[in-house]
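Hello,

I am handing over the structure below. My notes on what was found follow.

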Amino acid sequence: MAQDQDDFDRRLRRLEDIHEINNLMGMHEYLHAAGRNGEEFEKLFAKDAPGLTFEPEDWGVFEGAETVKGCYVDGAPPEVPGLMTEHAATTPVIEIAEDGLTAKGVWISPGHETFPMPDGPPIAHWSWGRYGIDFVKEGGAWKFWHFHIYTTFRTPYHQSWVESSIDRPPYFPEPGQLMEGMTPPSRPVTFNQPYHVDTAQQPAPAPPVPYRTFDETWSYTDQPT
Amino acid sequence: MTTSTETPTTLTRVQRLHRIKAVHEIHNLIGRHAFFNAAGHYDDLIGAFARHTPGVTVELADWGVYKGLDGARAALVGPLLEMARRNGEGMRAAYPELDVRDDRAGMLLESAFTTPVIQVAEDGGSARGVWMVMAAQTGFNPDAGRPEAGWAWVHYAVDFVHEEDGAWRILRLRVVPRFRTAYGSSWVESSLREQAPPPLTTTSDRPPTAPLNDYSVTRVPTYDPIPPEPYRTLDDLPPL
Amino acid sequence: MSDNAELTTEQKLQKVLDIHEVQNVMSRHAYYHGLGKNAEELEAIWVKETPEPTFAQNQGYFVGYESINYYYGELCRKMQRANLDLLRKNYPELDESDDNLGVGTLIMHPLTTSIIEIADDGKTAKGMWYSPGQVTEIMPPDHKPIAHWIWEKYGVDFIRENGLWKIWHMHVYTDFFTPVGESWADLTADAPMGVGGPPVEMPRPDIEEETYKVYSHTQLPQDLPRMPEPYRTFSETFSY
C-alpha cells in the first residue's frame, strides 16, 4: 500500500512538473516580450546548479551566470518606442527525468520582431525558431539550465524567407556580431542553421526521450551528435 | 515571483489531482472557445461562461467592459454578427454572380492559442490563464471592394471558475491586441493609417480598463496582461 | 475531460498522464514530418497492429498500412528526390546524395489550441489541434523554393499498442496554402491549392471524398473537424 502511494505521488509530481515547465516557458515569452530580461534572468534561470549555459542563435555559448547575464540582460536591445518582439511557444515535447531532478523540452516558436531604424520607420519581421532546453530543479522550483534558441528564419514582412536567405537585408547584423553591451561568448556556436535554399533541415533540437538521470542524456548546449 | 505552482504541502492527493486535472480541462475549454468562435457556434461560445457565479465580464481591446452573460454575448457575438452582416452586404454587392445567401461567405476567423501560463488556485475553485494568440482573419473590406485577409496577434487573459455542477467555465475574459494588419501591409504600416471603426453595435457597461496598446511606432510594449502567479482563492486575484 | 464519478482516483491520474503522452506523440509527429522523415515517423509513432489506420486530407482517405506507408512514407522520399533533381537545375553544385534530400525545403506545422479527450477505458484518445504553419517547397516552373503559409486543423485518434500511445487515424484539414506575398483572400472556389503541382504522380485516395474545403470567396466557416467530447469507449464515438 505504501509503495502504491509512493508510485501515485511520483506520477502526480511528474504531472505537476510538466505543468510547471510549460508555465516556465510561457513566463519566459511574456517577460521577454515585455523587455523584462533582467527580471526574467533573476527569477527563472538557475543560479545554484553548475553549468548554466545560454546559446541564442548565432552568437555562441555563454557559460555561467555572469556571462549569461552579460548576454541576455546587458546585451538586450533597449526598450524604445517602436520596438516589439514576441515569440510563441508551441508543439511541446517534454520529458521529466525519472529522478525528478532535471527535465528536457523542445518547442517550435512562431514569432515576430519589429526593430526601430535610424532612418525611417521601424521594420516588421517574421521570426521563427525552435527551443531546446534543459531544466533543473532548484529550491523546489524549475529553472532554465541549458537554454538554446535555434533560428529558423528572420525575414522582413514584405520578403519571403527564401528571398531574404539569398538577399540578406543590408541592415541585418553580420552572423555572430555582438549587440551593444553584450559580453563575448564563452565558446563557439554548437549548432544554428537558419533556412537557406541550399541546405537541408537538420534534426536539431532533437525531441527528448524518456530518461532516468541527466548523465544518461545530452545537453542542448553541447555539440549535437 | 515564482515559476512554479509550488504545490502547498498541505494539499491532499485528491486536491492536487483536482488541480492538475483542471489545467487540462482549461486547455480543452480554451480550445473549444477558439473553435466555437471560428465556426460561428455563438450559443456554445456563451455557454462556456459561468452560469452560477456572479461577475462575468468580457473586455476586447478598448471596447470597454461588458458585464454578465448578456454582456458577454454583446461583446463576443455582437461584433461577429455585425462583421458577418457587413461581409454579406459587401459580397452581394461586389459579386452578384456568386448568389451569396449566407452573410459569412468568404469569412475566415482562425485563432491559434499558444504559450499558456495557467495557475489554478490553491483551493481548486478558480484559475487564471494567459495565452498568445496568432490569428488569421478574412472578411469583406468595403474600401478594397473585395475580401481581404489579415493577421492579428493578441493576448488573452482569462479567469475560470469551477462551478457547482463540476464544470470549469469562463468568468472573466480580456483580449489585449498586440497588432492587427491587413495582409498586404506590415503592422508598422497599418499602425500609421487610420483604423476602421470596430464592429460594435452596443455600448459597454464600463470604460476600458487600460488604453489601447496595439503596436505603435511611438509606444513601448507594456507588460499587459500579466501572467498569473500562484494564489490561494478567487478573491486574491488582481484585476485581469 | 469528463469528471466521471465512476473512475477511481488512479484512473483519473492515469488520464492526465495519458493526455501528456498523447500531446508528446502528436508533437513528435510535427518534428518527424518537419524533417521529411515520414517513414521514420510511421515506424516510431503510428500503429503497427491495429486494424484500419487512416490518413486523410481535404481530398479523401488513405486506408490501411500499405496505402499509408506508400502515400505518407515512400512518396515523401520520392518527392524529396524529385525536388532535389529540380533544385539542381538552379544549383548544379548540389550533388545527388541522400544528405541533400530536403535541401531548400522547410516544413513547420506548429501545434496549438489543443482539445484532448482520453476514453474512460484508457484504450483510445482523440485530439484536435490548430496548426498555423509554413511550408517551403521546390516548385515549378522555376524549380526554386517557394515559401508558403499553410494553416490547418488536425483531428486525430490515438490507440494504445503494447502500452504506448500511437497514431491511429490522422485527418488534416487545410484552410489555406498560399505563397508568401499572395493572399488567401484572393482565392476563388476553383483555385488550385498551392503553386504549381507536386513533382511526382500522386495516387488517388482510397476513399475519394471532399472532407474539407480550402478557403474561397464562397466558402462558409466550416464546422470541422468535430470536436472530441468525453467518451467511455471508442465504439461510442466517431472516427476521424
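A salt bridge here is a side-chain nitrogen of Lys or Arg within 4 Å of a carboxyl oxygen of Asp or Glu. This is a predicted model, in which local features need pLDDT of at least 70 and side-chain atom pairs count only at pLDDT 80 or more, while totals for chains, interfaces and linings use all residues. Residues are numbered from 1 along each chain as its sequence is written, chains are lettered from A and ligands numbered from 1 in the order in which they are written, and side-chain values use heavy atoms, with hydrogens and water left out.

Chains A and B

B:Arg13 forms a salt bridge with A:Asp9, with 2.5 Å between the closest N and O atoms. The contact (heavy atoms within 4.5 Å) takes in 49 residues of chain A and 45 residues of chain B. Together the two chains bury about 4100 Å², 65% of it on carbon and sulfur atoms; buried area is the accessible area (1.4 Å probe) that two parts lose on being put together, summed over both.

Chain C

Helices are DSSP runs (H or I, at least four residues), numbered from the N terminus. In chain C, helix H2 (residues 38-45) packs against helix H3 (residues 65-88) at an angle of about 140 degrees, their axes 7 Å apart. Axes are lines fitted to C-alpha atoms, for helices over the stretch in contact, and angles run from 0 to 180 degrees between N-to-C directions. H2(C) is therefore oblique to H3(C), as angles under 35 degrees count as roughly parallel, over 145 as roughly antiparallel, 65 to 115 as roughly perpendicular and the rest as oblique. Residues that meet there include C:Asn38 and C:Leu42 in H2(C), and C:Ile68 and C:Tyr72 in H3(C).

Regards

Technical notes: Helix = DSSP H or I, 4+ residues; strand = E, 2+ residues; numbered from the N terminus.
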